[in-house]
Amino acid sequence: MSSPALSRQEERAVIRSVDLQRLRADFPILRLKVNGKPLAYLDNGASSQMPQPVMDRLTRYQTQEHSNIHRAVHYLSETATAAYEGARAKIQKFINARESREVIYTRGTTDAVNLVMHGFGRAFLKEGDEIIISQLEHHSNIVPWQMLRDEKGIKLQVIPCNDAGELLIDTYERLFNARTKLVSITHVSNALGTVNPVKQMIAMAHGQGVPVLVDGAQAVPHLAIDVQDLDCDFYCFSGHKMFAPTGIGILYGKAALLEKMQPYQGGGDMILSVTFDKTTYNALPYKFEAGTPPIAAAIGLGAAVDYLNEVGMDNIAAWEHELLAYATGQLEALPGVRIIGTAADKAAVLSFTIAGVHPHDVGTILNEDGVAVRTGHHCAQPVMQRFGIPATARASFALYNTFEEIDQLVAGIRRVQKMFT
Amino acid sequence: MDSKQLYQELILDHNKKPRNWGVLGDASHRAEGLNPLCGDHIWVALKIRDGTIESIAFEGESCAICKASASMMTTNVKGKPVEQVEQLVQEFRDMATGKLDVAAQAHHLGRLAVFAGVKDLPSRVKCAILPWHTLHAAFHNQQSASTEGEADPMGSPITGRVTQ
């Protein structure tokens, strides 16, 4: 591969492109042609694509291992249970949770936030108590707390952001008072890509004796997460944004807190004993996993964790950083294109507007070029309101994206601009 | 389909220079239209005299498809009896949802047939229809219209239709 004729930089580029091609070969869907053009899938913030090893794991489970878990004594039930719990152990290690019982399977990030709203918020908050959220939240970290507000008469405090899309930490500090009972903030903004200084924000909250929930849906596929180092009290994320199936997600919670919390749903598997007089709840994590879970999806999430570990989270972060830097440079050079979200610390998300063109028209026309971007308010309308825009187009990158795909995006944007002049 | 078929000169022109854009001071009927999913948000105001649309105006924030649809709607319906326009609303809706084939079936849509291509883009159908829903709501003094749920003045949901 190396040749004396290549400069070091060129050589690095060659190695990288070879690795990237091998990596891309793991994702069959990336070979699709859309409208006769090679697919440039730049909507990973909404959902990422699945690599063959995860699909193979799902097939193996369905063809050789499937039964219900934690139930029967027969071979298949034991095999399925071992695979399901094995996946939990992988996830525990992946986020460096202290114990596997701190890792609760949910349907996704939204479900995880709702679990905490119910089990912690409903159980412990009283009228007049306050929860701090931020301007950058996804609706899934706003609406559950508004439901609790309307039910309990609590108050929501919102951390504002500056024009770059960075949270104002000084203001955050001033939002605390004796009634503050929870901070619930996103790790990475889905609409802008801002990486919030959550470790610092958690330390500040703990200084006031307030626990912190971190919405990690947009962080986990891109950054190495260590929940013990962050010292967060809750951390939520979704499988389908990290190369696993839909319908599975994780709530990490500190055991001491989870122990005190109310179960979210009642049913099978979450109980120790049931009589018509009294039910005794099961231990963690099962207390929060009522009913038959999405077993295959959970095992798929374990396989996705294996895949991410194999590629290496540091390699992923480094490559995505290059993608973001390249895409940012390319879009900045286009007259009439405005990048929304210019935080110093950003994940691989690029939201933009084109002067005189509505983002939905941008999305439809880019689709003709095989370029998949998200257009709209990204379930983060308060972010759009902050920047005084109805919507943006958003390119969000994953480990398999290429500079060529960014070039395809840029060519598409030029075509949009030409059509609308 | 190729977006060039949808984003034709006529549509791009009406997007760039929307006709009857603005506020109508002496309106007798008005309604607000909102597509909650994509954020298209328009206002339609009318002056109806003796059952005929004497004047009409619209304004708002929307994509090109919605704005051009609204603009062409205003030029088309001005001077027409409400009854006739109600039929046009239905025909436009049927065209956009693929129930009316403008090439094969009789209709009164004229140049509005330029929007026929939207039926192949399920996510954009509602953009084209919103102005017409809003007009319908204004006729019936319904303050706000949407393409969704209870605020859908046509009382029947538009479901996306995927064509290969």
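Helices here are DSSP runs of H or I with at least four residues, strands are runs of E with at least two, and both are numbered from the N terminus. With that in hand, take a loop in chain A. Pro285(A) sits in the loop between β12 (279–281) and α10 (295–311) of chain A. A cis peptide bond joins Leu284(A) to Pro285(A), with omega at about -5°.

Some ground rules. This is a predicted model: local features need pLDDT of at least 70, side-chain atom pairs count only at pLDDT 80 or more, and totals for chains, interfaces and linings use all residues. Residues are numbered from 1 along each chain as its sequence is written, while chains are lettered from A and ligands numbered from 1 in the order in which they are written.

One more loop in chain A. His70(A) lies in the loop between α2 (52–65) and α3 (75–94) of chain A. His70(A) is not a glycine, yet its phi is positive, about 50°.

Now chain A as a whole. Chain A has 14 helices and 17 strands. Its C-alpha atoms fill a box of roughly 75 × 55 × 40 Å, taken along the principal axes. What about the radius of gyration? It is taken over C-alpha atoms, and the globule rule is 2.2 Å times the number of residues to the power 0.38. For 421 residues, a compact globule would come out near 22 Å; chain A has 23 Å, which agrees.

Next, the domains. Their bounds come from an automatic or database domain assignment. Domain 1 of chain A is 11–47 + 312–419, and domain 2 is 54–310. The C-alpha centres of these two domains of chain A lie 28 Å apart. Where they touch, domain 1 gives 26 residues and domain 2 gives 25. Contact here means C-beta atoms, placed from the backbone, within 7 Å. On the domain 1 side, the elements giving two or more residues are α11 (313–332), β14 (349–354) and α13 (381–387) of chain A. The largest share of that side, five residues, comes from α11(A). By class, the domain 1 side has 14 nonpolar, six polar and six charged residues. The classes: Ala, Val, Leu, Ile, Met, Phe, Trp, Tyr, Cys and Pro are nonpolar; Asp, Glu, Lys and Arg are charged; the others, Gly among them, are polar.

On to a helix pair in chain A. Helix α4 (residues 109–124) and helix α5 (residues 143–152) of chain A pack at about 25°, axes 9 Å apart. Axes are lines fitted to C-alpha atoms, for helices over the stretch in contact, and angles run from 0 to 180 degrees between N-to-C directions. So α4(A) is roughly parallel to α5(A). The cut-offs: under 35 degrees is roughly parallel, over 145 roughly antiparallel, 65 to 115 roughly perpendicular, and the rest oblique. Which residues of α4(A) meet α5(A)? Val113(A), Asn114(A), Met117(A), Gly121(A) and Arg122(A) meet Pro144(A), Trp145(A) and Leu148(A) of α5(A). That contact divides into five nonpolar, two polar and one charged.

The axes of helix α2 (residues 9–16) and helix α3 (residues 64–77) of chain B come within 8 Å and cross at roughly 85°. Therefore α2(B) is roughly perpendicular to α3(B). From α2(B), the residues are Ile11(B), Leu12(B), His14(B) and Asn15(B). They meet Ala64(B), Lys67(B), Ala68(B), Ser71(B) and Met72(B) in α3(B).

Last, the two chains together. 14 residues of chain B are in contact with twelve residues of chain A. The chain B side has eight nonpolar, three polar and three charged residues.

Conventions. Contact = placed C-beta atoms within 7 Å.
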